[in-house]
Amino acid sequence: LTGVVVNWVVPLFDLIVHSDNTKFLRLLTLLRTVRIIRLVRVFRKVLVFREAWQLIRGLQDSMRTLGWTIVVIFFVTYAFGIAGLLLIVVPLQSARMEVT
């Protein structure tokens with residue numbers, strides 16, 4: 001029922017009223033978030049989903065390590081990009097100077 005309200009009634013209400021007031025839409029987004037949190041609580045309690053919940057918890061617990069991994073990969077890629085640019089551009093510039 002809430003999905004119908006959010007997807008059908010609210011856009012029609014917005015078209016009819018032509019309001020620029022976004023507080024109402026923010027409230028509905030907050031209510032949707034609360035509904036998802038309630039669903040996660042139920043999901044956590046059901047025994048059938050215990051393994052899936054453990055996978056989610058493991059991913060959640062490793063987020064800090066994954067974040068630092070992304071930072072390291074970024075800096076390594078950046079360093080090799082600069083080194084590659086220097087190795088490619090300098091010989092091309094010297095070859096260009098010889099031609100002209």
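What share of the 100 residues in the chain is made up by buried residues? The figure is 4%, where buried means under 20% relative accessible area, exposed means over 50%, and partly exposed lies in between, with a 1.4 Å probe and protein chains only.

Good morning. The structure is a predicted model, in which local features need pLDDT of at least 70 and side-chain atom pairs count only at pLDDT 80 or more, while totals for chains, interfaces and linings use all residues. Residues are numbered from 1 along each chain as its sequence is written, and side-chain values use heavy atoms, with hydrogens and water left out.

I begin with the fold. The chain contains four helices and zero strands, in the order α-α-α-α along the sequence. Helices (H or I, at least four residues) and strands (E, at least two) are DSSP runs, numbered from the N terminus.

Next, the surface. The chain exposes about 9500 Å², of which 71% is supplied by carbon and sulfur atoms; accessible areas follow the Shrake-Rupley method with a 1.4 Å probe. Two patches deserve mention. Patches consist of residues with over 30% relative accessible area and no salt bridge, joining like charges within 9 Å and nonpolar side chains (Val, Leu, Ile, Met, Phe, Trp, Tyr) within 5 Å. A salt bridge is a side-chain nitrogen of Lys or Arg within 4 Å of a carboxyl oxygen of Asp or Glu.

The positive patch comprises Arg 41, Arg 44, Lys 45 and Arg 57. Lys and Arg count as positive, and the charge is placed at NZ of Lys or CZ of Arg. Helix α2 (residues 23-45) contributes three residues, the largest share. Lys 45 belongs to helix α2 and is exposed, at 63% relative accessible area.

The nonpolar patch covers about 850 Å² and includes Trp 68, Phe 74, Phe 75 and Tyr 78.

Finally, the rings. The whole structure holds two aromatic pairs, that is, Phe, Tyr or Trp rings (six-membered for Trp) with centres within 6.5 Å; planes under 30 degrees apart are stacked, over 60 edge-to-face, and the rest tilted. Phe 74 and Phe 75 are edge-to-face, at 5.3 Å centre to centre and 70 degrees between the planes. Phe 74 and Tyr 78 have centres 6.1 Å apart and planes at 20 degrees, so this pair is stacked. Both residues lie in helix α4 (residues 63-99), four residues apart, about one turn of the helix. Phe 75 is also in helix α4, and Tyr 78 is exposed at 52%.
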